[in-house]
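Please read it alongside the sequence and the coordinates displayed here.

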Amino acid sequence: MNVIRFSDLCAQGKARGQRVFIRADMNVPQDESGRITEDTRIRASVPAIRMALDAGAAVMVTSHLGRPKEGEFKPEDSLAPVARRLGELLASAVPLVSNWVDGVTVQPGQLVLLENCRLNQGEKKNDEALARKMAALCDIYVNDAFGTAHRAEGTTYGIAQYAPIACAGPLLAAEIDAITKALANPKRPLAAIVAGSKVSTKLTILESLAEKVDRLIVGGGIANTFMLAAGLPIGQSLAEPDLAGAARSVMEKMRARGAQVPIPGDVVTAKRFAADAPAATKPAEAVEGDDLILDIGPQTAQGLAAQLREAGTIVWNGPVGVFEWDAFAHGTETIARAIAQSSAFSIAGGGDTLAAIAKYGIEKDVGYISTGGGAFLEVLEGKTLPALEILARRAAQ
Ligand code: ADP
Ligand code: MG
């Protein structure tokens, strides 16, 4: 997709003295006292901000945080903790500006953080009047918020329609480049792992991936649905029986292309969904009526790991078992280590997938880790993200 890149504008000196409005995604998890528990998204937003400051721009940056009610400010919705953390990372205090829609004062070389953009009335519905006011604040609009690129809101879409220049920030550009590399022209074999618990949303992804990938590795609730479709017993396991037909059509689509969806041959089960439930490893045919399948078995995991080590490209979304509990973590750990060892270009996304990557410490061995959960899944599904669509349209004007 052809979009204007902020890095190019900066390199050409076009940002000097300009008012630059950056939409970042600094929606970080916080504990009850508001303390930031995980700051990846703030750190990932720093390069765009630095780029703008180094280019001599007057810089405004905003983000959403949580899901506040529009027009009703509550202290817990404030970006104040984000401003503090950003200030630490930049080694310079970052002023936080509220009620900013009608005007912002900021000088070239300076940075201000604009309070939670989801507090503005009309943000969610992409109200035109709000979008036009925000666009009037800047000369250059930079979208660097991949995590929200699947939503057409005021700061992700409307402002891009009306700003004099609308472009992609370095994080957004890196996400597009990595996903294009993985899916548009991949080194083969291309293997995709789609697992986890969101069965119905992810089955639509499988339908689109079935046309592209050489190996579709399923795990978690998705594997259970495929096992059901293959006529295997799954007891009380998480699955979507209504979608067994859809699973069967994915398998047929793959088979017709000479590709495969390996069905687990062995599994790890428990009688209760609990961390301390005793685990049993058994062949898939031996699953009992009151069993819960909570992980793929060791033989299945070994077989999949061997396939991953031979892959040219790997796309990973979703843990293949309840990896949060050690008795059911072996499958996910084996997959994670195989990805780390593989020479394939690998790309991973999804909240829990990132938690698994962190748990096994393989961050450095994954080719690209996406910051987007929902947005990453929609790209895999073959959808065009609204935020990218408008940037491409503006680039073509
Ligand atoms: P992501 O956030 O990476 O997109 P999901 O949210 O779809 O992934 O799924 C992650 C969750 O799925 C994890 O919390 C994991 O415990 C759970 N899970 C994995 N396998 C199973 C299973 N067989 N049964 C129930 N839950 C599972
Ligand atoms: Mg999740």
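In this predicted model, a salt bridge joins the side chains of Arg5 and Asp177, with N and O 2.9 Å apart. The two residues belong to distant parts of the chain, since Arg5 is in the segment before helix H1 (6-11) and Asp177 is in helix H6 (residues 170-183), 172 residues apart. Arg5 has a relative accessibility of 26% and therefore counts as partly exposed, and Asp177, with a relative accessible area of 37%, is partly exposed.

A salt bridge is also formed by Asp139 and Arg19, whose closest N and O atoms are 3.5 Å apart. Because Asp139 lies in the loop between helix H4 (128-136) and strand E5 (140-143) while Arg19 lies in strand E1 (residues 19-23), this pair ties together parts that are 120 residues apart in sequence. Arg19 counts as partly exposed, at 32% relative accessibility.

In the salt bridge between Asp291 and Lys271, the side chains meet at 2.7 Å, N to O. Here Asp291 belongs to the loop between strand E10 (280-283) and E11, whereas Lys271 belongs to the loop between E9 and E10, and the pair links distant parts of the chain, 20 residues apart. Asp291 counts as buried, at 1% relative accessibility, whereas Lys271, at 44%, counts as partly exposed. Both residues take part in a network of salt bridges that links Lys271, Lys282, Glu288, Asp290 and Asp291.

| Salt bridge | N to O distance |
|---|---|
| Arg5 and Asp177 | 2.9 Å |
| Asp139 and Arg19 | 3.5 Å |
| Asp291 and Lys271 | 2.7 Å |

The strands come next. Strands of a sheet pair through backbone hydrogen bonds, in either a parallel or an antiparallel manner. An open sheet is formed by six strands in the order E3-E4-E2-E1-E5-E6, and their pairing is parallel. Strand E3 (96-97) and strand E6 (165-168) stand at the edges of this sheet, and each has a single partner strand, so one side of each is left without a neighbour in the sheet. Within the sheet, strand E2 (residues 58-62) and strand E4 (residues 111-114) run parallel and are joined by four bridges, with Val61 standing opposite Leu113 in E4.

Antiparallel pairing is found between strand E9 (residues 266-270) and E11, which are joined by four bridges, and Ala270 has Leu292 in E11 as its bridge partner. Five of the five residues of E11 are buried, so this strand is largely enclosed by the rest of the structure.

Strand E11 (292-296) is also one of the elements against which the buried residues of helix H11 pack, and the others are strand E7 (190-194), helix H10 (298-310), strand E12 (313-317), strand E13 (345-348) and helix H12 (351-359). The buried residues of H11 are Gly331, Thr332, Thr334, Ile335, Ala336, Ala338 and Ile339. Helix H11 (residues 330-341) has twelve residues, which at 1.5 Å a residue should span 16 Å, and this agrees with the separation of its end C-alpha atoms, which are 16 Å apart.

Thr313 has its place in strand E12 and is buried, with a relative accessible area of 2%. Its side chain reaches the backbone oxygen of Lys187 at 2.6 Å. Apart from neighbours within four places in sequence, the residues in contact with Thr313 are Ala182, Pro186, Lys187, Pro189, Leu190, Ala191, Ala344 and Phe345.

Pro262 is placed in the loop between helix H9 (244-256) and E9. Its C-alpha atom is separated by 7.9 Å from that of Arg215, although the two residues are 47 residues apart along the chain. Leaving out residues up to four places away in sequence, Pro262 touches Leu216, Val218, Leu304 and Gln307.

The surroundings of ligand 1 complete the account. Of the 20 residues around this ligand, those that come nearest are Ser197, Lys202, Glu324, Asp352 and Thr353. An oxygen atom of ligand 1 lies 2.5 Å from an N or O atom in the side chain of Glu324, and an oxygen atom of the ligand is likewise 2.5 Å from an N or O atom in the side chain of Thr353. With Asp352 the contact involves the backbone, a polar atom of which is 2.9 Å from an oxygen atom of ligand 1.

Notes:
Residues are numbered from 1 along each chain as its sequence is written. Chains are lettered from A and ligands numbered from 1 in the order in which they are written. This is a predicted model: local features need pLDDT of at least 70, side-chain atom pairs count only at pLDDT 80 or more; totals for chains, interfaces and linings use all residues. Side-chain values use heavy atoms; hydrogens and water are left out. The expected span of a helix is 1.5 Å times one less than its number of residues. Buried means under 20% relative accessible area, exposed over 50%, partly exposed in between (1.4 Å probe, protein chains only). Contact means heavy atoms within 4.5 Å. Two strands pair if DSSP finds at least two bridges between them. A salt bridge is a side-chain nitrogen of Lys or Arg within 4 Å of a carboxyl oxygen of Asp or Glu. A residue is near a molecule or strand if one of its heavy atoms lies within 4 Å of it. A polar contact is a pair of N or O atoms within 3.5 Å; within protein, one must be able to donate a hydrogen and the other to accept it, and residues adjacent in sequence count only if both atoms are side-chain atoms.
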